[in-house]
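Subject: Structure for your review

Dear colleague,

My notes on it follow directly after.

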Amino acid sequence: MKKLYFIIGSQDLYGDQTLMQAENNGKEIARFLSQKLEGKAYIEAMPIVRNADEAYNVCIKATSDSECIGVIMWMHTFSPAKMWIRALQALKKPMLHLHTQFNEKLPYQSIDMDFMNLNQSAHGDREFGFICTRLRIAREVVVGYYKHDDVIAQISKFCDVANAIDFSRSLRVGMLGNNMRDVAVTDGDRVESEIKYGWNVNYYGIGDLCELIAKVSEEETDAKMAEYTQKYEIDTQSIEAVREQAKYEVAFEKFISRERLGALTDTFQDLHGLRQLPGLAAQNLMSKGIGFGPEGDYKTSALSAVLFEMAKNRNGATGFTEDYTYDLTSGSELELASHMLEVPPAFAAEKPKIQVHPLGIGGKSDPARLVFNSISGDAIAVSMVDLGNRFRLICAKISLIRQPEEMPKLPVARIMWKLKPDFKTGAAAWIYSGGAHHAVVSTALDVDDIRLFAKMTRTELVVIDENTNLSTFEQQLEMLEIIAKA
Ligand code: MN
């Protein structure tokens, strides 16, 4: 079970009785929050921190505990912040600073010096906040009474993001083949990706997969076909082509398990020994949370796995998409994000159909793929690019919409959306910021989730939403360049 440590700061000055009461109050808050976050994380109250050694020990413990995904800090009383310096320098887990009180209302009739002495987070949290700022520590400050729904919602969000960061730290990405030749945006600094996000990205020859495919038994293929039949509608006479994808997926699963992977890439330029480009196989893997990026796009693959993990306790769809073509009708512009094949079935508005059609690229046999129309609703599109001296996340608010007309001759999955604040501004801002034609789209996450992830991983973030103004947006990009050079 994942845990968040609940750390209550104080000092020796108060005497045992006050300290015991402060600790018990903290335990009560931790118990309450634990119930609210049930299924996500256990909130474990730590013994009250009275001095620099205790602060250091609890931060070291949090850092080294593999079940601990983050810490919640609360200064119920005053805790002189120099005692936190060595501790915070050692802390390597995401921090939420909960600026709350044990009491909601001020007891005007009964308040006395003893009460004020115990309930003084307005005092102590400011001292703690200063040292975090002085040490340049990234953290999320949540303000309000701990039983209020908005406060619980913010803590829950932090928990999802902290969990995704924990997942990211040990994520292994397998690249079958390398980056598509000459493509710029899908490439990147894999060493820096591992330093910054923990992604261990490694190349494998496609032969490693082909060896496994050759050993897939008829029984294993039958079992995978049974899964497809249950989840999807088989809308083709070419059953052998579907069985071919079933074999690929069984082999992928073995490969993923053997190499302990959470995300994969392939490339149509390196499919020696495969009769089809993996379509249905990749789509069904994505439905289980395996990150996927085509054309060797390891960043999108890893990011899709991380964001899927972040969204795993929420309703909605999260997965890889690819921008393709537009309807430029003035005033009602739409984008069609599709791909040759690999669109995650989480976005399907109805039961997806398995079909087999030719693919105009790659020079392989006709691949089986899932065909469907998309769900509608509010979503975000997130792209990660490597600017040479830093990574940048671009997060755009979008609206998924039902396609206005059928597309009977386009036999792939289809996702359509509207840009914000309007088509021209949204598309130009995306292009100015260097956003890729690959993105992770999610109806389960929002801009605040990405903002938190960016903050905790110290990644540059630009947001495109209903308030985006192109001239200030371009100025922001200029400022970010200056800051990055400083
Ligand atoms: Mn592409």
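Glu322 counts as buried, at 2% relative accessibility, where buried stands for under 20% relative accessible area, exposed for over 50% and partly exposed for what lies in between (1.4 Å probe, protein chains only). His438 counts as buried too, at 1% relative accessibility. Both residues coordinate the manganese ion: its ligands are Glu295 (OE), Glu322 (OE), His437 (NE2) and His438 (NE2), at 1.9 to 2.5 Å. Donors here are N, O and S atoms within 2.8 Å of the metal (3.2 Å for Na, K and Ca); water is not among the atoms, so sites may look incomplete. Along the chain, the donors of the manganese ion follow the spacing E-x26-E-x114-H-H. Glu322 belongs to strand S11 (residues 318-327) and His438 to strand S18 (residues 438-442), so this pair ties together parts that are 116 residues apart in sequence. Helices (H or I, at least four residues) and strands (E, at least two) are DSSP runs, numbered from the N terminus.

Two remarks on provenance apply throughout. The model is predicted, so local features need pLDDT of at least 70 and side-chain atom pairs count only at pLDDT 80 or more, while totals for chains, interfaces and linings use all residues. Residues are numbered from 1 along each chain as its sequence is written, and side-chain values use heavy atoms, with hydrogens and water left out.

Salt bridges

A search of the whole structure finds 34 salt bridges, a salt bridge being a side-chain nitrogen of Lys or Arg within 4 Å of a carboxyl oxygen of Asp or Glu. One of them joins the side chains of Lys2 and Asp166 (2.8 Å, N to O). Lys2 lies in the segment before strand S1 (3-8) and Asp166 in helix H6 (residues 149-169), so the pair ties together parts that are 164 residues apart in sequence. Lys2 is partly exposed, its relative accessible area being 29%.

Glu227 and Lys224 also meet in a salt bridge through their side chains (2.9 Å, N to O). These two residues both lie in helix H9 (residues 218-231), three residues apart, about one turn of the helix. In general, an α-helix has 3.6 residues a turn, so residues three or four places apart point the same way. Glu227 is partly exposed, with a relative accessible area of 21%, whereas Lys224 is buried, at 5%.

A further salt bridge pairs Glu259 with Arg258, with the closest N and O atoms 2.9 Å apart. Glu259 counts as buried at 17% relative accessibility, and Arg258 as partly exposed at 45%.

Aromatic rings

The structure holds eleven aromatic pairs. Rings of Phe, Tyr and Trp (its six-membered ring) pair if their centres lie within 6.5 Å; planes under 30 degrees apart count as stacked, over 60 as edge-to-face and the rest as tilted. Among the pairs is that of Phe32 and Tyr146, which is edge-to-face, at 5.4 Å centre to centre and 85° between the planes. This pair links distant parts of the chain, with Phe32 in helix H1 (residues 16-36) and Tyr146 in the loop between strand S5 (139-143) and H6, 114 residues apart. Phe32 counts as buried at 16% relative accessibility, and Tyr146 at 2%.

The rings of Tyr204 and Phe255 have their centres 4.9 Å apart and their planes at 80°, so this pair is edge-to-face. Tyr204 lies in strand S7 (residues 200-204) and Phe255 in helix H10 (residues 239-259), so the pair ties together parts that are 51 residues apart in sequence. Both Tyr204 and Phe255 are buried.

Ring pairs also link Phe32, Phe102, Tyr145 and Tyr146 into a cluster. The charged end of Lys147 sits over the ring of Phe32, 5.5 Å from its centre; the criterion is NZ of Lys or CZ of Arg within 6 Å of the ring centre and within 35 degrees of the ring normal.

Helix H8

Helix H8 (residues 206-214) has the buried residues Ile206, Leu209, Cys210, Leu212 and Ile213. They cover an arc of only 160° around the axis, which puts them on the same side of H8; the arc is that of the directions from the helix axis to the C-beta atoms. The face of H8 turned away from this buried side carries the exposed residues Glu211 and Ala214. The cover over the buried residues of H8 includes strand S6 (172-176), S7 and H10, with contact taken as heavy atoms within 4.5 Å.

Yours sincerely
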